[in-house]
Amino acid sequence: MTITGYRSPLPVGDDGFPSQVRAEWTKFRTVRGWVVGLLTAAVVTVLVSLLGATGSGRSCRHGCTGPVGPGGEAVVDAFSFVHQPLTGDGSITVRVTSLKGGTDTGLEPWAKAGLIVKASTAQGSAYAAVMLTGGHGVRMQWDYIHDKAGSTSPPASPRWLRLTRSGATLTGSESADGAHWTAIGTSRLAGLPSTVQVGMFVTSPDHVETAVHFGGSSSIGGPSSATAGFDQVGVQGQGGPWTGGLVGGGGGPAARPGSSSFHQAGGTFTISGSGDIAPAVGGLGTNTVDRSLVGAFAGLMVMIVLGAMFITAEYRRGLIRTTLTASPRRGRVLAAKALVLGGIAFVAALAASALAFWLVGGLRRSKGDYSLPVSTLTEMRVVVGTAGILAVTAVLALAVGSILRRSAGAVTAVVVLTVLPYILAVASVLPAAPAQWLLRVTPAAAFAIQQSIPEYPQVSTLYTPANGYFPLAPWLGFGVLCAWTAAALALAVVLLRRRDA
Amino acid sequence: MDATIEVAGLRKRFGSTQALDGLTFTVSPGQVTGFVGPNGAGKSTTMRAIVGLDAVDEGTALVGGQPYQSLRHPLSQVGALLDAAALQPSRTGRNHLLWLAHSQGLGARRVDDVIEQAGLATAAGRKAGGYSLGMRQRLGIAAALLGDPPVLMLDEPFNGLDPEGIVWMRGLLRSLAAQGRAVLVSSHLMSELQDSATHLVVIGRGRLVADTSVADLVAAASGDRVALRTSARTEAMGVLAHAGATVAATGPDTVTVSGLDSSSIVVLLGESAVPFSEVSAHRATLEEAYMELTRDTVEFRGSAQPEQSR
């Protein structure tokens, strides 16, 4: 051939992955509708969250602030306490001869009677306790959130209990006969003063009955009480005279004023009590910080549309052919799209969820509404996790859009998979069991990352999605969404490579 | 070797339609190759296969000796205009070129160069949704030129162009080929390629019909016929037929003669005192040559699938 081919004088650019990412970013930012959509998702998240906070005019059933435990978490701390001071090391031993419920509601499974060593009689102060319960045998509990099981001794049979202090270490033991002792557990209570209050306590949590029916579940209940008999009381160490009283009496959570009394006849004590010594849990009538972000599902729907459109718009116009001609390695194209979309969705959603959290918090404080306090780390997890849900779901919509190549189908599919189960479960449309199943298997499981108050086995309440409790742990639930997204992306890449463009 | 397009034994079936049926051809550098055939002949499918958008059932399509999928900086190797309407309507023409440039690691300066080259300077800042088809074609040309590639492949670039635009496009194609680039231009209208293509690849029903230079094709179609203009048509036809020529009346005062060269015709008519005003060698148009070539494949025009069949 006599003709020589053309040689371009231009330097060749770098068409590596960063260039593909840059190209997708240029694509996104040069369509005004998409940028507006992104801002809409953020604004809608904030507005719907604010609307939720304005609409909920909760009165503060537990008082507008509650006691806070040594770990910073909200606690319930109300019980009848017959106590004396103890300075330095020592131990207290008692035999619980009986534990009975009140005449109206019977014996609650988590009614408690036993021994407690407490930093002071102030609510929320550090403690360790050994106890006989209404239905959960012998337990050792300390600092509200810790619970360790002992023997399964029933409340009807007498049980010996002992609590020993040695510095900051508390050891709980139990015995059937007062001669042969078994250790239940040991705890370290940091910052315990040298003089503490030791003695016998009785308490009984709210009675809750739950009716589950189609369309939701409802619960009824109210305070309960328990009465226990004690004898063979022995205190070793530098003690003082016995005092009877209520911790958290009067305005305290779940306390029934006047329900505490104790009789002392010889070496025998009979004590009645009502309340609980436990972490506070969410539920009806309680605000949790995750409720600050109820608008996330609205922003999520906008993100789903945006994510799907980011690729289906290219199919609709035939632009995908231009894209794949410029970048023939198709998996890389989808990866670049996912990275750009996920990145910008995350940034926008993080700004929105942080703003909503801050605004709603301020609004609640100004209205005198009370949210159960949680650690800063938990608050960050809720805020960042919410942004993560929006970003990863946008990428899921992108992958489904690539598979289906149609906006309407992709948006419908992802809304049905993600937003619908969340609304069905959280708005109590479904009974608890199918709601929990949905929140295990669908991408909506990711909303678990918004749960701010953990589930405690030692506290009976309605642990349902409607009350802010998700069946999976926060990061595990988020992992379910990520798994769906990864699977959809993998299928999208396979199909993108296999099908003609 | 020089970067060109080499297509060998391409076969592809869409359902019951054999879109490509063993197509083989090569595009040479330095000339405009017309890629012609009726609608549905498989031109667009072939082009999509060359840039790896459609997978073929059999055969190979190489660009510069490599499958398109394995090219680095593909837009610097092949500039393709496949569908001028493939645009995001709300994105400006300039931003369309900008993301393409970014995908190749090229900058905004190169975008402005090709906007200038394609004559889009005044429209580049407007949303592509408002472009006329002619402006979209120019935007597509700008996109194809972005990587300054040695190979250009344009699917129906004349569609929607006004007469001025057609003249511009012909000139552009010629100048690109003159720089040594291989230029493949598809069209279903032969007249569009007049004055620009110097080589033709003609296909029908996914098969190669002809792979020939335009000069050879026109010469073959013209044959050795001579056009005669005379006021005495009947006498002239009698004289020439008597001398052994094949004569056909083509108008009230025009006659086409074959079997005699023009000087013999002048002598014969002069001897017989038959008046005539013009004797010239007949030259077929490209259109006529193409019709001649595809006369026997024309019957499938009516039944062929539309080109954009999906």
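**View 1. Chain A as a whole, with its helices and strands.** In this predicted model, the secondary structure of chain A comes to 9 helices and 16 strands. The radius of gyration of chain A is 30 Å, well over the 23 Å that the globule rule gives for 501 residues, and chain A is therefore more spread out than a compact globule. Taken along the principal axes, the box filled by the C-alpha atoms of chain A is roughly 120 × 45 × 40 Å. Of the 501 residues in chain A, 51% count as buried, and among contacts in this chain between residues at least 6 apart in sequence, 76% join residues at least 24 apart.

**View 2. The contact between chain A and chain B.** The contact takes 34 residues from chain A and 41 residues from chain B. On the side of chain B that touches chain A, helix α2 of chain B gives the most, with 6 residues. Sorted by class, this side of chain B has 19 nonpolar, 15 polar and 7 charged residues.

View 3. Helix α2 of chain B covers residues 93–103, and because 11 of its 11 residues are buried, the helix is largely enclosed by the rest of the structure. Among these buried residues are B:H96, B:L97, B:L98, B:W99 and B:L100, and the buried residues of the helix also include B:G93 and B:S103. What covers the buried residues includes elements from both chains, namely α1 (17–29) and α4 (319–326) of chain A together with α3 (108–117) and α4 (133–145) of chain B. Just after helix α2 of chain B, the residue B:G105 takes a positive phi of about 75°.

**View 4. A:V415 in helix α7 of chain A.** A:V415 is found in helix α7 of chain A, which runs over residues 407–426. A:V415 counts as partly exposed because it has 18 C-beta neighbours inside 10 Å, whereas a buried residue would need 20 or more. Leaving aside the neighbours within four places in sequence, A:V415 is in contact with A:M301, A:I304 and A:L420.

**View 5. A:V415 and A:I184, two residues of chain A shown together.** In sequence, A:V415 and A:I184 are 231 residues apart. In space, the distance between A:V415 and A:I184 is 50 Å, taken from C-alpha to C-alpha.

Methods:
Residues numbered from 1 in each chain as written. Chains lettered and ligands numbered in written order. Predicted model: local features only at pLDDT ≥ 70, side-chain atom pairs only at ≥ 80, totals over all residues. Buried ≥ 20, exposed ≤ 12 C-beta atoms within 10 Å, placed from the backbone. Helix = DSSP H or I, 4+ residues; strand = E, 2+ residues; numbered from the N terminus. Contact = placed C-beta atoms within 7 Å. Nonpolar A, V, L, I, M, F, W, Y, C, P; charged D, E, K, R; others polar. Rg over C-alpha atoms; globule rule 2.2 N^0.38 Å.
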